[in-house]
Amino acid sequence: MKNSDSFSPLSREILENKYKPLFQFFTDGIKDLYWAEKAIETALGKNKQLARTEELSEALEDHEMQTRKHISRLEKVFQALKVEPEAKKCEAMAGILKEAEEIVSKTPEKSMTRDAVLIIAAQKIEHYEIASYGGLVQIALTFNMDAIADILEKTLDEEEETDLLLTDIAESHINLEAAEEEDQDVAGFKETSARSAKSGESSKKTL
């Protein structure tokens with residue numbers, strides 16, 4: 001009963017505005033973000049395994065879990081709009097994700113350079129989301145849909161926090177170490193990692 005009461009004013013706003021072009025743009029924007037968040041969740045699951053540093057890997061994993069919350073929030077927005085959840089392919093995000101995959105694949109495996117590029121790729125995603133959520137929050141407020149604006153703003157705040165965190169990680173040491181990296185450094189790291197892995201396997205066999 002509480003939920004229906006809280007959404008009754010919102011329902012009136014939706015009925016009054018649902019055929020206006022700006023309102024339709026807003027709804028399409030939610031559908032775009034729903035697709036984008038699901039695609040981002042998949043990409044984060046892959047990229048966290050590509051990171052060399054534990055710090056970056058954990059940050060990407062944390063944001064992967066956070067992205068699941070973002071998806072859930074968008075489903076609440078659909079519910080408030082009296083619309084079935086629908087993922088409409090976001091061509092802009094599809095392009096950003098494709099570019100991210102391409103530029104990361106061109107970097108040496110397990111290198112600091114790869115971590116630096118992973119951060120840049122992730123921040124391009126964040127910046128698109130920040131612009132999208134920020135714009136939709138303002139449209140929601142324009143249509144007096146404060147409850148929906150509050151939901152979207154929670155995600156906007158988290159996207160901005162993630163962007164700042166990624167900048168901190170890059171500036172703390174990753175960019176500097178990547179700038180000093182040579183091909184032989186990457187080869188040496190791979191060789192050391194391979195020896196460590198073999199050593200671990202031998203220990204298990206002995207036990």
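The chain is built from seven helices and zero strands, where helices (H or I, at least four residues) and strands (E, at least two) are DSSP runs numbered from the N terminus. Read along the sequence, the pattern is α-α-α-α-α-α-α. The model is a predicted one, in which local features need pLDDT of at least 70 and side-chain atom pairs count only at pLDDT 80 or more, whereas totals for chains, interfaces and linings use all residues. Residues are numbered from 1 along each chain as its sequence is written, and side-chain values use heavy atoms, with hydrogens and water left out.

Of its 207 residues, 43% count as buried; here buried means under 20% relative accessible area, exposed over 50%, and partly exposed in between (1.4 Å probe, protein chains only). The accessible surface comes to about 11900 Å², and carbon and sulfur atoms contribute 52% of this area. These areas were computed by the Shrake-Rupley method with a 1.4 Å probe, and for residues only the protein chains shown count as cover. With a contact defined as heavy atoms within 4.5 Å, residues 24 or more positions apart account for 81% of the contacts in the chain with a separation of 6 or more.

Attention now turns to the charged side chains. A salt bridge is taken as a side-chain nitrogen of Lys or Arg within 4 Å of a carboxyl oxygen of Asp or Glu, and by this rule the count comes to eight. One of them pairs lysine 31 with glutamate 86, with 3.2 Å between the closest N and O atoms. Lysine 31 sits in helix α2 (residues 21-50) and glutamate 86 in the loop between α3 (54-80) and α4 (91-105), so this pair ties together parts that are 55 residues apart in sequence. Lysine 31 is buried, at 14% relative accessible area, while glutamate 86 is partly exposed at 38%.

Glutamate 64 is buried, with a relative accessibility of 8%. Through salt bridges that share partners, Glu41, Lys48, Glu64 and Arg68 are joined into one network.
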